[in-house]
Amino acid sequence: MATIALAWLLHQKAVTSIIIGAKRADQLKDNVRATQVRLADDELAALDEASRLPEEYPGWMMKMMAGYRDPMTK
């Protein structure tokens, strides 16, 4: 799981580096193995969806209120 999580981070354009944490040699090997993982577009999309955070207030409220205010949408 950690290998895929780190691989996903490495595929993000905004991420320029990642910090790994390993207590044992096998954990370090798993972390380093992430550099060899190439995720397909559909895999990246699935991981993006699974990790998407809910929209925060007031963003969702502004969209909802805009629908009430626009008489042309009714």
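Colleague: Which residue forms a salt bridge with arginine 24?

Modeller: This is a predicted model, where local features need pLDDT of at least 70, side-chain atom pairs count only at pLDDT 80 or more, and totals for chains, interfaces and linings use all residues. Residues are numbered from 1 along each chain as its sequence is written, and side-chain values use heavy atoms, leaving out hydrogens and water. A salt bridge is a side-chain nitrogen of Lys or Arg within 4 Å of a carboxyl oxygen of Asp or Glu. The closest N and O atoms are 3.0 Å apart here, and the partner of arginine 24 is aspartate 26.

Colleague: Is arginine 24 buried, partly exposed or exposed?

Modeller: Buried means under 20% relative accessible area, exposed over 50%, and partly exposed in between (1.4 Å probe, protein chains only). Arginine 24 has a relative accessible area of 47%, so the label is partly exposed.

Colleague: How far apart along helix α2 are arginine 33 and aspartate 30?

Modeller: Their side chains meet in a salt bridge, 2.6 Å from N to O. Helices are DSSP runs (H or I, at least four residues), numbered from the N terminus. Helix α2 covers residues 25-33, and arginine 33 and aspartate 30 are three residues apart in it, so the separation is about one helical turn.

Colleague: What is the relative accessible area of lysine 63?

Modeller: Lysine 63 meets glutamate 55 in a salt bridge of 3.2 Å, N to O. Glutamate 55 is partly exposed at 43%. Lysine 63 is exposed, and its relative accessible area is 58%.

Colleague: How many salt bridges are found in the whole structure?

Modeller: Side chains of opposite charge can pair when their charged atoms come close. A search of the whole structure gives a total of four.

Notes:
Helix = DSSP H or I, 4+ residues; strand = E, 2+ residues; numbered from the N terminus.
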